[in-house]
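Thank you all for coming. I would like to walk you through a few parts of one model, and I will ask you to keep the picture in view while I talk.

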Amino acid sequence: MKLFLDTGDVEEVRRAAGWGVIDGVTTNPTLIAKTGRGFRETVLAICEACPGGAISAEVVATEFDAMLKEALEIASWHEQIVVKVPMIEPGIRLVAQLTDRGIRTNVTLVFSVSQALLAAKAGATYISNFVGRVDDFSGDGMEAVASTVEMVEAHGFESEVLVASVRHPQHVVQALACRAHVATMPYAVLAQLFKHPLTDIGLERFLKDWEGAGLSIFPPKVTA
Ligand code: G3P
């Protein structure tokens, strides 16, 4: 499963990319608005901070011609860019046309298998299935992910199912269990994946015992 970072913060991308475990970055208009910087400038800085990664940048128009114009503009900025498109009727029409032009797309705000089917038929590269926002209303966001993965695999679609709106490590583990292709998460959730209290306790003990025995990995320096 690929791991994407869900952020507009270039410093977070730089840090996570340094760990060598992220495959891309997703942004959305809210995340970009939070940065206080320009859209193009931010997205290009993210591309540079995550070399070779798939970087999703979203259109904001909701009418077809305007969406197409925005999509072509965004796609022209950098080869790593994936155009993010909302799950609305002109959006699906846009995805079909971008697919024909060889432009990668990420259909966002997908909550049901029927929506995912339309995105897959249109040739979406990624289908962003939101989980946290469903769980917030005491639903089970992961249910639609599991069914969508099954649909994509059983019917031979090329789209990758991307689990979005991830709120905690358990969502990441559930995404793995569903055999999702990608999970995108905020920096704080990615950082939490490192954590286990027994790791900290265990390491402290190892280091204390090692130091107590006066051992060294390197041979003692020979002085002439
Ligand atoms: O980028 C889409 C998605 O991951 C947003 O997550 O936490 O705002 O529901 P959230």
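**Strand β6 and its surroundings**

Strands β6 and β7 pair in the parallel sense, over 5 bridges, and please bear in mind throughout that what we are looking at is a predicted model. Within that pairing, Tyr 126 has Glu 160 of β7 as its bridge partner. Strand β5, residues 105-110, also runs parallel to β6 and is joined to it by 3 bridges, with Asn 106 standing opposite Tyr 126. Between these two strands comes helix α6, residues 113-121, and β5, α6 and β6 together make a right-handed β-α-β unit.

How many of the 5 residues of β6 are buried? The number is 5 of the 5, so the strand is largely enclosed by the rest of the structure. In a regular strand the side chains alternate between the two faces of the sheet. Here Tyr 126, Ser 128 and Phe 130 point one way, while Ile 127 and Asn 129 point the other way.

Let me finish with two loop residues. Most residues other than glycine have a negative phi. Ser 165, in the loop between β7 and α9, has a positive phi near 60 degrees, and this serine is buried, at a relative accessible area of 10%. Arg 179, in the loop between α9 and β8, also has a positive phi, of about 60 degrees, but Arg 179 is exposed, at 54%.

Notes: Residues are numbered from 1 along each chain as its sequence is written. This is a predicted model: local features need pLDDT of at least 70, side-chain atom pairs count only at pLDDT 80 or more; totals for chains, interfaces and linings use all residues. Side-chain values use heavy atoms; hydrogens and water are left out. Helices (H or I, at least four residues) and strands (E, at least two) are DSSP runs, numbered from the N terminus. Buried means under 20% relative accessible area, exposed over 50%, partly exposed in between (1.4 Å probe, protein chains only). Two strands pair if DSSP finds at least two bridges between them. A crossover is right-handed if, with the strands pointing away from the viewer, the path from the first strand over the helix to the second runs clockwise.
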